[in-house]
Amino acid sequence: MFSLSQRFQTVSNTAVTVGLFLAAFIIGTSWFQLVSNHAFDLSSSISNVTPKINVRTSRYYGSVNGKAKENAKVSFDLEADLTKLFNWNTKQVFTYLTAEYENVKHTRQNEVTFWDKIITSKDDAVLNLTDAQSKYHVWDVQEKLTGKDLKLKLHWNIQPWVGPLVYGETDGTFTLSIPEREKTEKKAKESESAESSSPN
Amino acid sequence: MSDVFRELNGKLLFPVDYPSQTLLAKRHKLLVVIGALVSGVVGVATQSILQMGVCYLCFVFVALLLVLPAWKSYRVHNLEWVQPQAVAVDLK
């Protein structure tokens, strides 16, 4: 503390050290607020999910060497209230609709994202979507996505001003069974042929 | 270049006496810690990190203002160096 530079170093050092404790305090209080607001038990309602399957041969849609690759999109209704995720340490909330399904060997859960949204304000945190279209084309590593049971879930991710990202998911899932394309095509052909053969 | 810095450093020394150094070490710590506590309360009350940061920086600024300059009251107990004395030496 003898000279000017020593005094400046000492004060700035103390300010930074105490500032770190202040940052820890912010993280702690925001976590406490999340827990006391039951933010980890938020509910959501996913309904009216309609799949749409396209077969693509472009490599931009997952095709390899021109082999046909099934691409899935969905339309859905979604209701969720994410206002409880906003506290003084929330910069923005990233929310995303995912689908989980088992791989062919039934050894692992795959997860794909159909839709997402960045919410920057508490006023926009109430989601009420009707017949919303998924943002992304989804395909599996395998050739087909049909014939699988997709479990749709809404996840959220808080991006705070200070501290680590906080991840969570809402209660409320929707199980979507995508029928095999061959069966649906066969059925469609059968119904077409039945219509054409029937006397007018 | 280093000579220039050395000279500048010598001019910007602004020393304070020993008792004041002890006092300043205690005083700046107290101010910064109280600042952190107050700004924490302000932040939670207003639910704003910006308000909290501004409040904390204000306290740090006051601490700097109080500690950095060599105010007159910090230079009361200056060291008194022993003066050289002429001594008669017998060279025989």
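Predicted model: local features only at pLDDT ≥ 70, side-chain atom pairs only at ≥ 80, totals over all residues.
The buried set in helix 1 of chain A comprises A:R7, A:V11, A:T14, A:A15, A:V18, A:L22, A:I26, A:T29, A:S30, A:Q33 and A:L34. Helix 1 of chain A has 33 residues. Its first and last C-alpha atoms lie 47 Å apart, close to the 48 Å expected at 1.5 Å a residue. Just after this helix, A:H38 adopts a positive phi of about 55°.

A:T14 is part of helix 1 of chain A. Its relative accessible area is 13%, under the 20% cut-off, so A:T14 counts as buried. Beyond residues up to four places away in sequence, A:T14 touches B:H28, B:K29, B:V32 and B:Y56.

The contact between the chains takes 22 residues from chain A and 29 residues from chain B. About 2,100 Å² is buried between them. Carbon and sulfur atoms give 78% of that area. On the side of chain B, B:Q47, B:I49 and B:L68 supply 25% of the area buried against chain A, more than any other three residues. The elements of chain B that give two or more residues to this side are helix 2 (18–46) and helix 3 (49–67). Helix 2 gives the most, with twelve residues. By class, the side of chain B that touches chain A has 21 nonpolar, seven polar and one charged residues. Zero salt bridges are counted between the two chains. Nine residue pairs are in polar contact across the interface, with both residues at pLDDT 80 or more.

Helix 2 of chain B has 29 residues, which should span 42 Å at 1.5 Å a residue. Its end C-alpha atoms are 42 Å apart, so span and expectation agree. Just after helix 2 of chain B, B:Q47 takes a positive phi of about 55°. B:Q47 is also one of the three residues that supply 25% of the area chain B buries against chain A.

Two further sites in chain A were examined. A:H155 is found in strand 6 (residues 149–160). At 8% relative accessibility, under the 20% cut-off, A:H155 therefore counts as buried. The side chains of A:H155 and A:T98 are joined by a polar contact of 2.8 Å. Leaving out residues up to four places away in sequence, A:H155 touches A:F94, A:T95, A:Y96, A:T98, A:E111, A:G168 and A:E169.

A:S121 sits in the loop between strand 4 (109–119) and strand 5 (126–133) of chain A. Its relative accessibility is 23%, so A:S121 counts as partly exposed. A polar atom of the A:S121 side chain lies 3.1 Å from the backbone nitrogen of A:D123. A:S121 and A:D81 are 40 residues apart in sequence. Their C-alpha atoms are 13 Å apart in space.

Methods. Residues numbered from 1 in each chain as written. Chains lettered and ligands numbered in written order. Heavy atoms only, no water. Contact = heavy atoms within 4.5 Å. Buried area = accessible area lost by both parts, 1.4 Å probe. Salt bridge = Lys/Arg side-chain N within 4 Å of Asp/Glu carboxyl O. Polar contact = N/O pair within 3.5 Å; in protein donor to acceptor, adjacent residues only side chain to side chain. Helix = DSSP H or I, 4+ residues; strand = E, 2+ residues; numbered from the N terminus. Nonpolar A, V, L, I, M, F, W, Y, C, P; charged D, E, K, R; others polar. Expected span 1.5 Å × (residues − 1). Buried < 20%, exposed > 50% of the residue type's maximum accessible area, 1.4 Å probe, protein only.
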